[in-house]
Amino acid sequence: MNDLLATDFRNAPYWWDAAPLAESAGGTPAPAYDAVIVGSGYTGLRAALALARAGRSVAVFDRELPGFGASRRNAGFLGRTLKKSYIDLKAAKGAAYAAAIYRDLMMAYESTLAFIAEEGIECHAVRCGRLIAATSAGHFAGLERELAGMKGDLGLPYEMLPRARLREEMATDLYEGGAVIPDLGSLHPGLYHRGLMERALAAGAAIFGACEISAIEPVPRMRQEPGGRFRVTTAAGKVFARDVVVATNGYTPRSLPWHARRVIPFTGYMAATEELPPALLARQLPNRRTVIDSNLDIDFFRPAPDTPRLLFGGATANGLEDPEAIAALLHGRLRRALPDLADVKLSHVWTGQCAGTFDMMPHIGCHDGIWYGMGYNFAGVPMGSFFGLKIAQKILGLPDAITAFESASFPTLPFYRGNPWFLPLAMRWFARQDSRLARRGAARP
Ligand SMILES: Cc1cc2nc3c(=O)[nH]c(=O)nc-3n(C[C@H](O)[C@H](O)[C@H](O)COP(=O)(O)OP(=O)(O)OC[C@H]3O[C@@H](n4cnc5c(N)ncnc54)[C@H](O)[C@@H]3O)c2cc1C
C-alpha cells in the first residue's frame with residue numbers, strides 16, 4: 001500500500017503548500033458590527049469585502065482557521081452549469097426560468113473571472129476549456145442533446161469529440177469520446193481564497209478564526225440598541241449585529257437548524273500525484289484542460305497550475321476516512337483512466353465537505369431576517385463568490401442585487417435534521433441512473 005505514497009506524502013490539500021491556512025487576524029471582537037458573517041469561505045469573504053468597501057463594519061467568524069472549508073480544498077474548476085441539467089430545468093420550470101437561471105450562472109462565471117482580473121489576484125485563473133468525457137455511448141448521446149439544447153437556446157459553445165479523437169485531449173481509451181467546452185476555466189483555489197481574504201482585511205473586515213458561532217438570536221425590538229437586531233454568541237463572547245450572513249455550505253452546523261435541514265453535507269475526495277516528468281504529464285492532458293466524466297457521480301482530473309503534477313478526484317461520498325484507504329481508492333481511479341500513470345505515487349490526499357440540496361439547486365435568500373447563500377452542489381467557486389456579492393448588495397439595498405436564484409423556495413424533507421443517512425442510497429441511485437442512461441442512451445435523469 002505504501003508503494004502508492006510519495007515519501008513526502010501529506011494528508012492535506014495540495015493547495016495549502018502555496019496557500020497555507022493563516023492564523024486568525026482579528027484580535028478581540030468589538031461589541032457590535034453592522035454585519036456578522038458565519039463562515040470564511042468564498043461566500044462569506046466576498047460578502048465581507050463588498051460590505052467593508054461600502055463602509056460597513058464587518059466581522060467574519062470561522063470555527064476553524066480562516067479558509068479551512070471547501071474554498072481552499074476544491075478542484076478549482078470554473079464552470080457555468082448546474083448539477084441539474086438544462087433540459088430538465090427547462091422541462092420542469094419553463095424556458096424563461098431556465099434561461100434566467102443560466103444567465104445568472106454565466107454572470108457568476110464571468111464576474112468571478114473579471115473580479116480576479118480587476119483585483120489583480122494571482123491565482124492562475126485561465127480559460128483553459130473543459131473536456132466532459134462520456135462514460136458510455138448513451139452518455140455521449142445525452143451529452144450531445146444537452147449541449148445542443150444549451151447552444152440553441154443560450155448560444156453556449158461546445159464541440160463533440162468522437163471516440164477516435166479522444167486522445168487529442170486525454171491519454172485514455174476509457175471513454176466513448178466526449179465534448180469540449182472551450183471557454184470554461186480553472187484557478188488555484190487556495191491562492192484565490194488568500195487573495196480574497198487579503199482584500200477583505202485591507203478593506204477593514206475583521207476575521208476571527210477558531211471562533212465558533214453557536215447561536216444567533218433576534219433581539220426584541222424594544223430592547224434593540226441602534227443597529228443591533230441580532231445577538232450572536234461566539235466562542236469569544238456575545239456580539240450584536242444589524243445583519244447576519246450564514247455562509248457555511250457543507251459545514252453547516254446543527255446549531256443552525258433551519259439551514260441544516262436544507263443542505264445535505266457530503267464528502268469530496270482529491271489527490272495529487274508526485275511531480276511528474278513534464279513530457280509524461282503533457283501527454284496525459286495535452287491541452288491542459290480540466291476533465292470531468294459524464295456520470296452523476298463524477299471522476300475529475302486537471303493539471304496542477306504551478307507544478308508538474310496531476311490533481312484528480314472522485315468516489316464522492318464513499319464514506320472512507322483513512323488516508324491510505326482513500327489513496328488506494330483514488331489511485332485505482334487514476335490507473336483506470338490514465339494507465340500511463342499506473343506507477344506514479346501520490347503526494348497529497350485530502351477531503352472536503354460539499355453541500356447538496358433536495359432540488360439540486362444552490363439557494364440564496366433571507367430567513368427570519370438572516371441572510372444565507374449555500375447548497376452549491378460541487379460548483380461553489382463561481383457561485384459562492386456570486387452569492388456572497390449578491391447578499392452584500394441586498395444588505396446595502398442596491399438595485400442590482402436581484403438574482404433568478406432567489407425566487408425558488410429552499411426545500412427540505414419531513415424529519416430531515418441534517419444527518420444524511422440516505423447518502424449511500426442516493427449514490428447507489430446515481431449509479432443506477434448512470435447505467436440506465438448507458439443502456440438506453442436516454443437524456444440525463
Ligand atoms: C473536494 C472538493 C472539490 C470541489 N471542486 C469544486 C470545483 O472544482 N469547482 C467548484 O466550483 N466547486 C468545487 N467544490 C465546491 C466548492 O469548494 C464549495 O462549494 C465552496 O468552496 C463553498 O464555499 P463557502 O464559502 O460557501 O463554504 P466553505 O468554503 O466550505 O466555508 C464554510 C466555512 O464555515 C465554517 N463554519 C461552519 N460552521 C461554523 C460556525 N458555527 N461558526 C463559525 N464558522 C463555521 C467552516 O469552518 C468553513 O470554514 C468542491 C468541493 C470539494 C470539497
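The loop between helix 10 (380-395) and helix 11 (423-440) is the place of Phe415, where helices are DSSP runs of H or I with at least four residues and strands are DSSP runs of E with at least two, both numbered from the N terminus. This is a predicted model, in which local features need pLDDT of at least 70 and side-chain atom pairs count only at pLDDT 80 or more, while totals for chains, interfaces and linings use all residues. Residues are numbered from 1 along each chain as its sequence is written, and side-chain values use heavy atoms, with hydrogens and water left out.

Phe415 is exposed, with a relative accessible area of 76%; here buried means under 20% relative accessible area, exposed means over 50%, and partly exposed lies in between, with a 1.4 Å probe and protein chains only. Phe415 also has a positive phi of about 70 degrees although it is not a glycine. Most residues other than glycine have a negative phi. Asp368, which belongs to the loop between strand 18 and strand 19 (370-374), is likewise not a glycine and has a positive phi of about 50 degrees, and with 64% relative accessibility Asp368 counts as exposed.

What of Gly418, is it buried or exposed? Gly418, which lies in the loop between helix 10 and helix 11, is buried, at a relative accessible area of 10%. Although Gly418 and Arg261 are 157 residues apart in sequence, their C-alpha atoms are 4.9 Å apart in space. When neighbours within four places in sequence are left aside, Gly418 is in contact with Arg254, Ala260 and Pro265, contact being defined as heavy atoms within 4.5 Å.

The aromatic rings come next. Rings of Phe, Tyr and Trp (its six-membered ring) pair if their centres lie within 6.5 Å, and planes under 30 degrees apart count as stacked, over 60 as edge-to-face and the rest as tilted. By this rule the count comes to 20 aromatic pairs. In one of them, the rings of Trp258 and Phe410 have centres 6.0 Å apart and planes at 85 degrees, so this pair is edge-to-face. Because Trp258 lies in helix 7 (residues 257-260) and Phe410 in the loop between helix 10 and helix 11, the pair ties together parts that are 152 residues apart in sequence. Trp258 is partly exposed, at 22% relative accessible area, whereas Phe410 counts as buried at 7% relative accessibility.

Phe358 and Tyr416 form another edge-to-face pair, with 5.2 Å from centre to centre and 85 degrees between the planes. Phe358 lies in the loop between strand 17 (346-357) and strand 18 (363-367), and Tyr416 in the loop between helix 10 and helix 11, so this pair joins parts that are 58 residues apart in sequence. Phe358 counts as partly exposed at 25% relative accessibility, while Tyr416 counts as buried at 3%. Elsewhere, Phe77, Phe266, Phe300 and Phe378 form one aromatic cluster.

Helix 7 also holds His259, which counts as buried at 5% relative accessibility. Apart from neighbours within four places in sequence, His259 is in contact with Val246, Thr252, Tyr372 and Met374.

Rings can also be paired with charges. A charge sits over a ring if NZ of Lys or CZ of Arg is within 6 Å of the ring centre and within 35 degrees of the ring normal. The charged end of Arg46 sits over the ring of Phe115, 4.0 Å from its centre, and Arg73 lies over the face of Phe68, at 4.5 Å from the ring centre.

Val58, whose place is in strand 3 (residues 58-61), counts as buried at 2% relative accessibility. Val58 and Asp34 are 24 residues apart in sequence and 6.0 Å apart in space, C-alpha to C-alpha. Residues up to four places away in sequence not being counted, Val58 touches several others, among them Tyr33, Ile37, Leu51 and Gly204.
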